[in-house]
Amino acid sequence: MVTKRLVKAKALAERWDTTEAHIHTLSREGLIPSIAIGRSRRYDLDAIAELEASGGFRLAGGWRREQRESA
């Protein structure tokens, strides 16, 4: 059996020196890998380490996000 180390948004926010709200936004937008457990989210440290090792991600438009098209 494979055991994964899952952490809450608070632990990831501390690791990245950001806010929990920002972590929730990134996961809601699908920019960071997360696992839904009921109504809460957990973050797999192995997947987070891979994201960090690959250099992370860039948002379209740089620091100014491109506006989403409304449906």
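**Entry 1: Leu6 and the surface**

I began with Leu6, which is partly exposed at a relative accessible area of 31%; the classes I use are buried for under 20% relative accessible area, exposed for over 50%, and partly exposed in between, with a 1.4 Å probe and protein chains only. I note that this is a predicted model, in which local features need pLDDT of at least 70 and side-chain atom pairs count only at pLDDT 80 or more, while totals for chains, interfaces and linings use all residues. Residues are numbered from 1 along each chain as its sequence is written, and side-chain values use heavy atoms, with hydrogens and water left out.

Leu6 is found in strand E1, residues 6–7 (strands are DSSP runs of E with at least two residues, helices are runs of H or I with at least four, and both are numbered from the N terminus). Together with Ile35 and Ile37, Leu6 makes a nonpolar surface patch of about 210 Å². Patch residues have over 30% relative accessible area and no salt bridge, and nonpolar side chains (Val, Leu, Ile, Met, Phe, Trp, Tyr) are joined within 5 Å, like charges within 9 Å; the areas come from the Shrake-Rupley method with a 1.4 Å probe, and for residues only the protein chains shown count as cover.

**Entry 2: a charged pair**

I looked for salt bridges (a side-chain nitrogen of Lys or Arg within 4 Å of a carboxyl oxygen of Asp or Glu), and the count came to one. Arg15 pairs with Glu52, their closest N and O atoms being 2.8 Å apart. The pair links distant parts of the chain, since Arg15 is in helix H1 (residues 9–16) and Glu52 in helix H3 (residues 45–53), 37 residues apart. Arg15 is partly exposed at 43%, and Glu52 is partly exposed at 31%.

**Entry 3: the interior**

Which residues make up the largest nonpolar core? I found eleven: Val7, Ala9, Leu12, Ala13, Ile23, Leu26, Ile32, Tyr43, Leu45, Ile48 and Leu51. H1, H2 and H3 each supply at least two residues of this core, where a nonpolar core is a set of buried Ala, Val, Leu, Ile, Met, Phe, Trp, Tyr and Cys residues joined through side-chain atoms within 4.5 Å.

I then followed Ile32, which lies in the loop between H2 and strand E2 (35–37) and counts as buried at 4% relative accessibility.

**Entry 4: Ser27**

Ser27, in helix H2 (residues 20–28), is buried with a relative accessible area of 9%.
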